[in-house]
Amino acid sequence: MPDRPEAARRLAQQVLRHTGARVAALAAVSTTATAAGLVLPALLGHTLDLLLARAPATRWIACCAGVVLLLTVLDACAGYVTGTADAHATAWLRRRVTGHVLSLGPRAAARFGAGDLVARLVGSAAQAGTAPGALAALLAALAGPVGGVVALALLDPWLAAVFLAGAPVLALLLRAVARDTSSCAADYQRVQGRIAAALAEAVGGHRTIRAAGAEDRETARILAPLPELSGAGHRMWRVQGRAAARAVTVAPLLNLGVLAVAGLLLARHRLSVGEVLAASRYAALATGVGVLVGQLAALARARAAAGRLAEVRAEQAPGHGTRRLPPGPGRLELRGVTARRGGRTVLDGIDLVVPGGTTLAVVGRSGTGKSLLAEVAGRLADPEAGEVLLDGVPLTDLTHDALRGAVACAFERPALLGTTIEDTIAFGLTAPSPAEVRSAARLAHADDFVRRLPDGYATRRTDAPRSGGETQRLGLARAFAHGGRLLILDDALSSLDTVTEHRIAASLLAPGTGRTRLLIAHRTTTAARADAVAWLDGGRVRAVGAHRELWRDAEYRAVFGDEGTERAEATEGAEVTGWEPGVAAQATAEGAGTEARGR
């Protein structure tokens with residue numbers, strides 16, 4: 001993996017290639033303006049000599065006015081082209097980095113934090129997007145001093161020699177500005193990212209913060225890095241302030257030196273009065289360190305921002321193969337899967353097979369890797385070792401479209417995207433029909449409450465108040481509408497009431513549905529309905545079997561907490577009555593549904 005400066009340089013090169021036409025136009029406009037600025041002192045000097053000699057100078061005065069007007073027009077054009085180049089570069093960076101973040105999946109937020117990612121995509125991208133314009137402006141700004149020195153040499157070589165005697169001091173000054181500003185800007189943006197990350201955490205947990213009465217404490221925590229941010233900002237301005245102070249010291253001395261030599265040459269009749277005027281203007285252009293300091297500082301800030309974006313881009317995104325799935329029932333197989341989170345091994349050598357068209361419930365205590373196993377099975381994350389196969393084809397060998405077309409997922413806390421409720425259910429589908437959307441909603445038992453919304457399925461998502469259970473049902477409807485041969489439910493029924501859970505599970509897990517289903521289960525009723533249960537313990541598969549068989553193990557029952565204890569006690573009575581936990585749960589749900597309908 002390349003280091004940060006190298007990665008930032010490569011990213012900057014890509015931005016330059018993307019905005020090449022606009023940068024070339026900006027460079028042409030800026031160079032033309034610089035050339036006009038170099039011509040103007042010579043015209044003014046010649047015009048002054050004509051006026052002093054009482055010769056006709058109307059045409060030269062008009063030329064001077066024309067050059068001034070041209071400089072005004074070119075300055076306006078440079079501002080417009082700079083704005084468009086910066087906007088296009090920023091948009092390109094945001095598209096590329098956002099796409100990369102989405103391709104990384106959960107790793108991106110785990111590596112950088114959601115708030116820091118937002119800060120990079122918003123602030124750093126905007127700052128890095130100014131790099132093409134800053135580079136073109138810097139080249140034009142460099143052309144001014146170089147052209148001024150050449151013009152001085154054309155007037156008299158001694159004038160250029162005096163200026164060049166102090167040029168090394170200016171070069172060292174500019175080099176120090178570029179180095180120190182880049183370091184300060186990187187520190188400033190890094191602290192900004194920490195504040196943004198803390199703010200994002202607080203926004204996500206605002207109910208917890210309010211319930212605990214910890215608003216003031218959280219505010220203090222979020223703003224704790226402000227002194228460090230202030231320090232980095234002050235260091236950056238001190239660097240530029242010192243550079244400006246040194247420039248103010250060095251530049252006038254060089255100007256005085258050039259003017260002194262020009263006065264001597266005037267006294268010896270080697271220069272005219274107009275040429276002395278031109279020499280003074282060229283000396284000012286040659287010592288234009290203030291412009292160079294500003295452009296170098298802007299370029300250094302853009303480079304630091306590009307480095308922060310390059311860090312995100314340096315994270316390796318999962319690749320996709322070229323194969324497509326053969327016809328098959330959806331047999332899922334995990335071979336020797338090992339996966340880590342935060343340096344800790346969560347899944348350790350998992351071997352698991354889910355026959356096509358069957359349902360496997362995955363149970364285990366908190367932290368045993370159930371959700372990570374679901375991510376790996378749907379290739380939302382890649383394992384560090386081992387492989388996952390669907391109908392005999394490794395998921396890594398599948399094309400992106402083949403993979404996402406075969407696997408549908410629903411989550412405990414689904415993120416609902418789209419403009420309307422219909423868009424939300426159809427999210428990810430290429431050409432969904434209204435009939436397919438409504439059929440999926442009915443299967444998820446979401447159709448009734450959606451139709452009660454003001455505009456039904458056309459209701460804007462942001463205008464549709466929802467409970468946690470209704471949000472889960474919309475997430476389930478989205479997964480059902482997706483189709484495919486493998487359905488992964490990561491605790492996607494946890495917020496549903498018992499009646500609704502039973503109804504959805506009954507239709508979802510009915511024989512002959514054709515799909516292979518992998519369920520992350522926390523309730524005994526869900527595990528009891530599955531064809532088989534995989535019991536995770538300590539990152540390994542402790543046992544695979546029917547829920548009824550595993551229920552005899554007290555440690556298995558303990559996985560379900562109080563619910564397992566209560567059902568274990570009830571099971572002891574079932575030995576006399578013939579009552580069975582799974583059947584009783586189903587009967588209870590059906591009775592509750594009857595009672596609800598009776599009401």
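This is a predicted model: local features need pLDDT of at least 70, side-chain atom pairs count only at pLDDT 80 or more; totals for chains, interfaces and linings use all residues.
1. Confidence. The protein averages a pLDDT of 81, and 86% of the residues score at least 70. Over residues 572-599 the pLDDT falls below 50, yet this stretch has 20 contacts in the model beyond near neighbours in sequence.

2. The β1-β2 hairpin. Strand β1 (residues 332-341) pairs with strand β2 (residues 344-354) in the antiparallel sense, over seven bridges. Two residues lie between the strands of this hairpin, and Gly342 there takes a positive phi near 60°.

3. β1 and β4. Strand β1 also pairs with β4, in the antiparallel sense and over five bridges. Glu333 illustrates both pairings: it stands opposite Val353 in β2, and its bridge partner in β4 is Leu389.

4. Arg335 and Glu387. The side chains of Arg335 and Glu387 meet in a salt bridge, with 3.5 Å from N to O. Arg335 belongs to strand β1 and Glu387 to strand β4, so the pair links distant parts of the chain, 52 residues apart. Arg335 counts as partly exposed at 38% relative accessibility, and Glu387 counts as partly exposed at 31%.

5. Arg485 and Asp391. A salt bridge joins Arg485 to Asp391, with the closest N and O atoms 2.5 Å apart. Because Arg485 lies in the loop between α19 (468-482) and β7 (486-490) and Asp391 in the loop between β4 and β5, the pair ties together parts that are 94 residues apart in sequence. Asp391 is buried, with a relative accessible area of 15%.

6. Arg323 and Asp397. Here the closest N and O atoms of the salt bridge are 3.7 Å apart. Arg323 sits in the loop between α13 (289-314) and β1, and Asp397 in the loop between β5 (393-394) and α15 (400-406), so parts 74 residues apart in sequence are tied together. Arg323 is partly exposed, with a relative accessible area of 42%; Asp397 also counts as partly exposed, at 29% relative accessibility.

7. Salt bridges overall. The structure holds 20 salt bridges. Asp116, Arg120, Arg308 and Glu311 are linked in a network of them.

8. Asp156. This residue is found in the loop between α6 (131-155) and α7 (157-165). Asp156 is buried, with a relative accessible area of 5%. Its side chain makes a polar contact with the side chain of Arg270, at 2.8 Å. Leaving aside neighbours within four places in sequence, Asp156 is in contact with Leu265 and Arg270.

9. Thr90. Helix α3 contains Thr90, which is buried with a relative accessible area of 9%. A polar atom of the Thr90 side chain lies 2.8 Å from the backbone oxygen of Asp86. Not counting residues up to four places away in sequence, Thr90 touches Ala125, Ala126 and Gly129.

10. Positive phi at two arginines. Arg54 has a positive phi of about 55° although it is not a glycine, and Arg379 has one of about 50°, likewise without being a glycine. Arg54 is placed in the loop between α2 (20-52) and α3 (58-104), whereas Arg379 is in the loop between α14 (370-377) and β4 (385-390). Arg54 is exposed, with a relative accessible area of 80%; Arg379 counts as buried, at 8% relative accessibility.

Conventions
Residues are numbered from 1 along each chain as its sequence is written. Side-chain values use heavy atoms; hydrogens and water are left out. Helices (H or I, at least four residues) and strands (E, at least two) are DSSP runs, numbered from the N terminus. Buried means under 20% relative accessible area, exposed over 50%, partly exposed in between (1.4 Å probe, protein chains only). A polar contact is a pair of N or O atoms within 3.5 Å; within protein, one must be able to donate a hydrogen and the other to accept it, and residues adjacent in sequence count only if both atoms are side-chain atoms. Contact means heavy atoms within 4.5 Å. pLDDT is the predictor's confidence in each residue, from 0 to 100. Two strands pair if DSSP finds at least two bridges between them. A salt bridge is a side-chain nitrogen of Lys or Arg within 4 Å of a carboxyl oxygen of Asp or Glu.
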